[in-house]
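The following report describes the fold of one protein chain for a reader who wants the cut-offs stated alongside the values.

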Amino acid sequence: MTEFIHAALAFPAVVLGALLVIVLAYWLLVVVGLLDPAATMVTAVALSLFAALAWFAGVAGAVLLHREDLTGRVPEIGVLAAAILVSVLITRLLMRPLRYMIPEEKLPSRRDFVGRMCVIRTSRVDLTYGQAEVRAEDGSAAVIQVRQQRNQSGEEILKAGDTALIFDYDADGQFFWVMPYDAELDPHRPPN
């Protein structure tokens, strides 16, 4: 046991151990709920696996150096490089099947609002002016820039409180195209 502790606290394992402690602290904060996963789940698992494998390889290499009575920075740096290389290769090998088993987090996009209902918040909506409030899939609300192009002469002008359908996003103008729509037809409407 003392050989293990000596190897874990010696260079290069101590450097890799610091990386492992950071990864463990990250996961502890995620589990407790004090931290949201900053990276996608696949990336977080890959980095965690890399850190654990690199630390284990570093400890094993330090034990071998001690048993073979090899001292000095050159063998220690060689163990560090080998530990990193081995952990990269094993992590890549293990992540191939895991990548399909771990759900990839979908990053939110403005295009997620297309097809949703919104409520107009300005006195009018035309080709140059208008704002609306829309609810995202997670229930949060956002105020967005909207425009209406009245193609038909009988189409109503949208005004504050009206319900509209978001049917397209203009990336260049950074606004959404909307049209009048009956709120009763909204497929995302919560049940009464």
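In this predicted model, 5 strands close into a barrel in the order β1-β2-β3-β5-β4, with mixed pairing; two strands count as paired if DSSP finds at least two bridges between them. Neighbouring strands of this sheet are turned by 55 degrees against each other on average, direction ignored, where axes are lines fitted to C-alpha atoms, for helices over the stretch in contact, and angles run from 0 to 180 degrees between N-to-C directions. Helices (H or I, at least four residues) and strands (E, at least two) are DSSP runs, numbered from the N terminus.

Residues are numbered from 1 along each chain as its sequence is written, and side-chain values use heavy atoms, with hydrogens and water left out. Because the model is predicted, local features need pLDDT of at least 70 and side-chain atom pairs count only at pLDDT 80 or more, whereas totals for chains, interfaces and linings use all residues.

The secondary structure of the chain comes to 4 helices and 5 strands, and from the N terminus on the elements run α-α-α-α-β-β-β-β-β. Of the 192 residues of the chain, 30% count as buried; buried means under 20% relative accessible area, exposed means over 50%, and partly exposed lies in between, with a 1.4 Å probe and protein chains only. Among contacts between residues at least 6 apart in sequence, 55% join residues at least 24 apart, contact being defined as heavy atoms within 4.5 Å.

| Strand pair | Sense | Bridges |
|---|---|---|
| β2 and β3 | antiparallel | 5 bridges |
| β3 and β5 | parallel | 2 bridges |
| β4 and β5 | antiparallel | 6 bridges |

Between β2 and β3, R135 has A141 as its bridge partner, and in the hairpin of these two strands, which has 5 residues between them, G139 takes a positive phi near 95 degrees. On β5, W177 stands opposite R147 and is also the bridge partner of D168, while F176 is the bridge partner of V146 and F175 that of D170. Strand β5 is mostly covered, since 5 of its 6 residues are buried.

The hairpin of β4 and β5 has 4 residues between the strands, and Q174 is found in this loop between β4 and β5. Phi of Q174 is near 55 degrees, a positive value in a residue other than glycine. Most residues other than glycine have a negative phi. Q174 is partly exposed, with a relative accessible area of 47%.

Which residues of the largest nonpolar core touch the most other members? Of its 14 residues, these are C118, I120, I144, V146, I166, F176 and V178, a nonpolar core being a set of buried Ala, Val, Leu, Ile, Met, Phe, Trp, Tyr and Cys residues joined through side-chain atoms within 4.5 Å. β1 (117-120), β2 (131-135), β3 (141-147), β4 (163-170) and β5 (175-180) each supply at least two residues of this core, and β4 gives the most, with 3 residues. Leaving aside its neighbours within four places in sequence, C118 is in contact with A132, E133, V134, D162, T163, A164, I166 and V178.

Turning to the helices, two packed helices are described by the angle between their axes and the distance between the axes. The axes of helix α3 (residues 41-67) and helix α4 (residues 73-101) come within 7 Å and cross at roughly 145 degrees. The crossing of α3 past α4 is right-handed; a crossing is left-handed if the near helix is turned anticlockwise from the far one by less than a right angle, and right-handed if clockwise. The residues of this contact divide into 18 nonpolar, 4 polar and 2 charged, where Ala, Val, Leu, Ile, Met, Phe, Trp, Tyr, Cys and Pro count as nonpolar, Asp, Glu, Lys and Arg as charged, and the others, Gly among them, as polar. The α3 side includes V42, L49, F50 and L65, and the α4 side includes P75, V79, I84, L94 and R99.

G17 has its place in helix α2 (residues 13-32) and is buried, with a relative accessible area of 15%. G17 and W55 are 38 residues apart in sequence and 5.6 Å apart in space, C-alpha to C-alpha.
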